[in-house]
Amino acid sequence: MDLNERWVFIPGLALLLALGAVVGKRLTQDYRDRRDTSITTVALVWALSVVHFGLVVVAAVWSTWHFSFPAPLALVGGVALVGVGAVICVAAAYAFRSFKRLNFLEHSRLVTEGIYRWSRNPQLVGWTLALAGLGLLRGSGMVLLLAGLFWVG
C-alpha cells in the first residue's frame, strides 16, 4: 500500500468504524425507547453505506492489497459471486415492495414471502457475496476486508 492509498484508507476505515459504532448505538436506543427507527438513524445508516461503498470502489479500482489468484478462477468465481449476490439483493428489495419498509421506516408486518422464506437478511447476504466477488475479480484484499466488515456489521 503506497502513501496515497494510506491517506484514503486509514481515515476512511476510521470513519467507517466510528459511523458503525454511532449507528449501532442509535439503533439500540431507537428500538429500546421508541420501538421504531428515527429518520436521523436512517440517514446515518445511509451515510455509513455511502462511506463503505466509496471505500469499496476505491479499493477495487486500485486493487488495494493485491493478491494473485489464477485468472480464469478469479473471473468465473468473481462473476458468479457478483451475479448471485446481485440477484439476491434485487429479490430482497422486491419482496419489501415499499421504500419505507426497505429503509426501516415502516415495519407493521414481518416480510415472509419471496426470498424471505429462506433467510431473514437476504439483502445482506447478497451484498456480501457481491463484494466478495468484486474482491476476487480485482484481486483486492481490501475489498475482501470491507466485505468482511460489512458482514460483521
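# Questions on a predicted helical model

Biologist: Trp 65 sits in the loop that connects helix H2 (39–62) to helix H3 (71–96). Why is Trp 65 called partly exposed?

Modeller: The relative accessible area of Trp 65 is 42%. Buried means under 20%, exposed means over 50%, and partly exposed is what lies in between, with a 1.4 Å probe and protein chains only. Residues are numbered from 1 along each chain as its sequence is written, and side-chain values use heavy atoms, with hydrogens and water left out.

Biologist: Is Ser 63 buried or exposed?

Modeller: Ser 63 has 14% relative accessibility, so it counts as buried.

Biologist: What makes the nonpolar surface patch that includes Trp 65?

Modeller: Leu 17, Trp 65, Leu 145 and Leu 149 make this patch, which covers about 360 Å². A patch takes residues with over 30% relative accessible area and no salt bridge; like charges are joined within 9 Å, and nonpolar side chains (Val, Leu, Ile, Met, Phe, Trp, Tyr) within 5 Å.

Biologist: How many helices and strands does the protein chain have?

Modeller: The protein chain has six helices and zero strands, giving the pattern α-α-α-α-α-α along the sequence. Helices (H or I, at least four residues) and strands (E, at least two) are DSSP runs, numbered from the N terminus. The C-alpha trace spans about 50 × 35 × 20 Å along its principal axes. Of the 153 residues, 31% count as buried.

Biologist: What is Phe 150 in contact with, leaving aside its neighbours within four places in sequence?

Modeller: The partners of Phe 150 are His 52, Leu 124, Trp 127, Thr 128 and Leu 131. Phe 150 belongs to helix H6 (residues 141–152). Its relative accessible area is 24%, so Phe 150 is partly exposed. Phe 150 and Leu 16 are 134 residues apart along the chain, and their C-alpha atoms are separated by 10 Å. Over the protein chain, 72% of contacts between residues at least 6 apart in sequence join residues at least 24 apart.

Biologist: Why are Asp 33 and Arg 32 said to meet in a salt bridge?

Modeller: A salt bridge is a side-chain nitrogen of Lys or Arg within 4 Å of a carboxyl oxygen of Asp or Glu. The N to O distance between Arg 32 and Asp 33 is 3.6 Å, so the pair meets this limit. Side chains of opposite charge can pair when their charged atoms come close. The structure holds one salt bridge, and both Asp 33 and Arg 32 are exposed.

Biologist: Where does Arg 34 lie, and why is Arg 34 called partly exposed?

Modeller: Arg 34 is in the loop between helix H1 (3–33) and H2. Its relative accessible area of 46% is the reason that Arg 34 is called partly exposed.

Biologist: What makes Leu 102 partly exposed?

Modeller: Leu 102 has 34% relative accessibility and so counts as partly exposed. Leu 102 is found in helix H4 (residues 99–102). Leaving aside neighbours within four places in sequence, Leu 102 is in contact with Ala 93 and Phe 96.

Technical notes: This is a predicted model: local features need pLDDT of at least 70, side-chain atom pairs count only at pLDDT 80 or more; totals for chains, interfaces and linings use all residues. Contact means heavy atoms within 4.5 Å. Accessible areas come from the Shrake-Rupley method with a 1.4 Å probe; for residues, only the protein chains shown count as cover.
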